[in-house]
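Hello,

Have a look at it first, and then read on for what I found.

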Amino acid sequence: ANVKSARKILSLSGPDLQRLTHLSKSDVQHLHTAVAISYRRHSPVTALQVHRGECPSLEPGHKLSLACPVLDALLRGGVPLSGITELAGESSAGKTQFGLQLCLSVQYPLAYGGLNSGAVYICTEDSFPIKRLRQLITQQARLRPELPQALIRSIRFSDNIYIEHAADLGALQACVSQRVPILLSRGLVRLVVVDSVAALFRSEFQADEGIERARHMLAFAATLHRLSHNYSTPVLCINQVTEVMDGPDPAHCNFGLVDNKVLPALGMAWANQVMVRLMLLRLPGCVGTGEQGGTSAPRRLEVVFAPHLPRASCLCGVWEEGVRGLPNRPRSVTNSVTKRLETTGELGLNDGT
């Protein structure tokens, strides 16, 4: 019949193939099916299979681990692969520590909570903390003792982190719209960290330029969303905070953070672009790990809003090896801090604990 390609067979209707090949209707149906199966890259997947997690190639429900069971439990597995996750907090709260830890966690195989790829870290404020990154790399065995040591030694962590510095909004937009897509399309990275998202938007616009600032902000957020959804890539945006003014303000939304003296910066225009909002608060006092003997100021990581998470929080600390969550009640918290956390309910203990 002079039909020499699969494309030609699939482009012809059943009756046309019958006329050309003189085959029966059932034979033509078998021919169409056989050619389609041989050239189909993936087996068909039903919605029920996706819901049950029976499609490993699609990574159903997979999240990027924070490299700590307590923190992962708070986020029900870690950072989602789709959408913008925001981490807001005051200076020295430990936000950058989370970003660096995720840059290392993403490089582990899927079986260990990673994405088997690298990360791009975009700095808009300070220079990249390379010394701290090297320290975290050398301490990976302490942070994740449950992992095979041979696996940790086999990963060249520093070779898979791409650092960008953006001094203005034009450079930032060019970075996320031109250079980052190249890294993603080549499979070199599966994580984007912006530290911080508020710095440039705050510095380049005056108080009376809110509409123009919102326009640039929405364009930037749209680019991040497109990258995240097209490449199943988590995006972490570190945000600054703004002080809460005294007195009622009907145009102000605190997202339920009624007792906080600070709120995430950039207002409602940016908040509407965020899928998961986390707040990190540094608390007074100190807490020890017990095993290594080091101490850290306690922090509270709180879920402000997320479509798949309840309002919840946990205590954590920043040590030499990285960020660790504190399971239940941290015994080594100093007495004054323990009393304060118990009275304010920040320990999150159940009755009878």
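How are α10 and α12 oriented relative to each other? Before the answer, please keep in mind that this is a predicted model. Helix α10 covers residues 169–185 and helix α12 covers residues 210–231. They pack at an angle of about 5 degrees, with their axes 10 Å apart. An angle under 35 degrees counts as roughly parallel, and α10 and α12 are therefore roughly parallel to each other. On the α10 side the contact is made by L172, Q173, V176, S177, V180, P181, L184 and S185, while α12 brings A219, F220, T223, L224, L227 and Y231. By type, the residues of this contact are 10 nonpolar, four polar and no charged.

Now to the sheet. Nine strands make up an open sheet with mixed pairing, in the order β3-β2-β4-β5-β1-β8-β11-β12-β13. Its edge strands are β3 (161–165) and β13 (322–326), each of which pairs on one side only. From one strand to the next, the twist averages 25 degrees. Helix α10 comes back here, as it packs on the sheet and touches β2, β3 and β4 (189–195). The direction of α10 makes about 170 degrees with that of β2.

One place to look is Y121, whose bridge partner in β3 is I163. Strand β3 also holds E164. Is E164 buried or exposed? Its relative accessibility is 19%, and the limit for buried is under 20%, so E164 counts as buried. The side chains of E164 and R179 are joined by a polar contact of 3.0 Å. Apart from its neighbours within four places in sequence, E164 is in contact with V120, Y121, I122, C123, C175 and R179.

Further along the sheet is β11 (residues 299–305), where six of the seven residues are buried, so this strand is largely enclosed by the rest of the structure. Which strands does β11 pair with? One is β8 (residues 276–282), which runs antiparallel to β11 and is joined to it by six bridges; here R282 stands opposite R299. Another is β12 (residues 313–319), paired with β11 in the antiparallel sense over four bridges. In that pair, E302 stands opposite S313.

Conventions:
Residues numbered from 1 in each chain as written. Predicted model: local features only at pLDDT ≥ 70, side-chain atom pairs only at ≥ 80, totals over all residues. Heavy atoms only, no water. Pairing = 2+ DSSP bridges. Helix = DSSP H or I, 4+ residues; strand = E, 2+ residues; numbered from the N terminus. Axes fitted to C-alpha atoms, helices over the stretch in contact; angles between N-to-C directions. Contact = heavy atoms within 4.5 Å. Parallel < 35°, antiparallel > 145°, perpendicular 65-115°, else oblique. Nonpolar A, V, L, I, M, F, W, Y, C, P; charged D, E, K, R; others polar. Buried < 20%, exposed > 50% of the residue type's maximum accessible area, 1.4 Å probe, protein only. Polar contact = N/O pair within 3.5 Å; in protein donor to acceptor, adjacent residues only side chain to side chain.
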